Amino acid sequence: MLDAATAKTHLAPLLAGAETGFESVDLSGKSLGEDAAPVAAEALASAMRSGRVRVLSLADIIAGRPEDEALRVLRTVTNTIANEDKAMGALEELDLSDNALGAKGVTACGALLENARNLARLTLCNNGLAADAIDNVTRALTANATATTKLKTLHFFNNLMESAGARALVPLLRASPALEDFRFSSLRVARDGGEAIAAALAECPELQRVDLSDNTLGERAAMLLADAIRAGKLPKLVSLNMRDTAISDAGALALLRALAAARHSAITTLDVSGNELTARVCSALGSASRALPALRELRAEENEFGARGGRILAARLAANSGPRQLRELTVASCEIGGPDAVAEWLKLAEAAPALQKLNLNGNAFPEDTLDELRRAFGDILGSLSDNDEDLFDEDADDEDDDDVEEEEEEEEDKDDLERSALNEDEDAGLAELMKGAAVSTT
């Protein structure tokens, strides 16, 4: 924690008043007391007045301070630099993470957010932001005459946003056509909020990285994203993280089919882990890995593929010379196992020559086959310390056997995922779900 004296010592280079040439100033982790705030404000104004500072971190600068004092500190620091016109024209990146802002804190920083007219990267992680705070953020960033931001990176993580906050964020997304990197994770957002965000992202054609993980978004949100991908509205998408988003089989299938149908040449990383996906998705997942020419990392751990799903996935991955571009594959803790599964996974060792990392831990392979897997994959294969053959359920493996085998045979007859289908009933159900999603967001 800094008082006035220690602040002067730490910030002496900025307070000297000489031309510093600094392009980045980082005060993160320096908890400012009320008497230190004017010193920090003067130092920042001095450094930023020339218009050279492009990056400013004010993360975690009010830790341990009572609310009233914290708000006064924020106002003192941010209002001072917000009045420096050259500084506001130059500022491109701002990090306010790890400050307990809430709506009052956002209001205290409002002038800074509003006046930073060329802000391209904003990080608000672990700030206690609920819907009212998000509304304040949106209003501040869209307050100028054009109401169009220059944001390229927008990160929210571990806040209290919920669906109301997600809806409050939609106008900001629609006003940010240059957005490239969007993190929207661990925000307690439910299905209606997820659908609103998914629909808004379709209006951000420059998007390259999307992280929606750890929110209960649901299958309709995934379908809306899939619709945008299929329509060519997200042509630059490189990374998509849908981990722990409750998209279910229907949502995952919609996304996989859309990506493969579009022959999405840019995407390198796809994560559908933790969504309770079943064997029904495995053929599509394997086909997608081969249909996407740039895909390097595929993560699908902590699902419910079961023994049969694991075999289908391995077989589809190894088919037609395999995914020659894939570098990393993670299918840990997916209930994969049984004596027949090993043979299919061994085929992948030869069919995926570019593979550098394979995580099969936490599954149910027979103990007497583990050494065979290790020999085939060598250093590529990660630890199998959590493998437990007792997890293999032979009865469950036999359930719905004909249905899953029929799906696998149908997929093997297709050249790509666009031409694949489960059956007429499932496709009709998927279409109905997509119709419902479109209605719910209007």
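Let's start with helix 3, residues 37-48: its 12 residues reach 16 Å from first C-alpha to last, close to the 16 Å expected at 1.5 Å a residue. That expected span is 1.5 Å times one less than the number of residues. Helices here are DSSP runs of H or I with at least four residues, strands are E runs of at least two, and both are numbered from the N terminus.

Quick housekeeping: this is a predicted model, where local features need pLDDT of at least 70 and side-chain atom pairs count only at pLDDT 80 or more, while totals for chains, interfaces and linings use all residues. Residues are numbered from 1 along each chain as its sequence is written, and side-chain values use heavy atoms, with hydrogens and water left out.

Buried means under 20% relative accessible area, with a 1.4 Å probe and protein chains only. Among them are Val39, Leu44 and Met48. Their cover includes helix 1 (4-10), strand 1 (24-26) and helix 4 (67-82).

Okay, next pair. Helix 8 (residues 131-141) and helix 9 (residues 162-174) pack at about 5 degrees, axes 8 Å apart. That makes them roughly parallel, a label for angles under 35 degrees. The contact, meaning heavy atoms within 4.5 Å, includes Ile134 and Leu141 of helix 8 and Leu169 and Leu172 of helix 9.

Last stop, Trp345. Leaving aside neighbours within four places in sequence, Trp345 is in contact with residues including Leu313, Val331, Phe365 and Phe377.

Key. Axes are lines fitted to C-alpha atoms, for helices over the stretch in contact, and angles run from 0 to 180 degrees between N-to-C directions. Angles under 35 degrees count as roughly parallel, over 145 as roughly antiparallel, 65 to 115 as roughly perpendicular and the rest as oblique. Buried means under 20% relative accessible area, exposed over 50%, partly exposed in between (1.4 Å probe, protein chains only).
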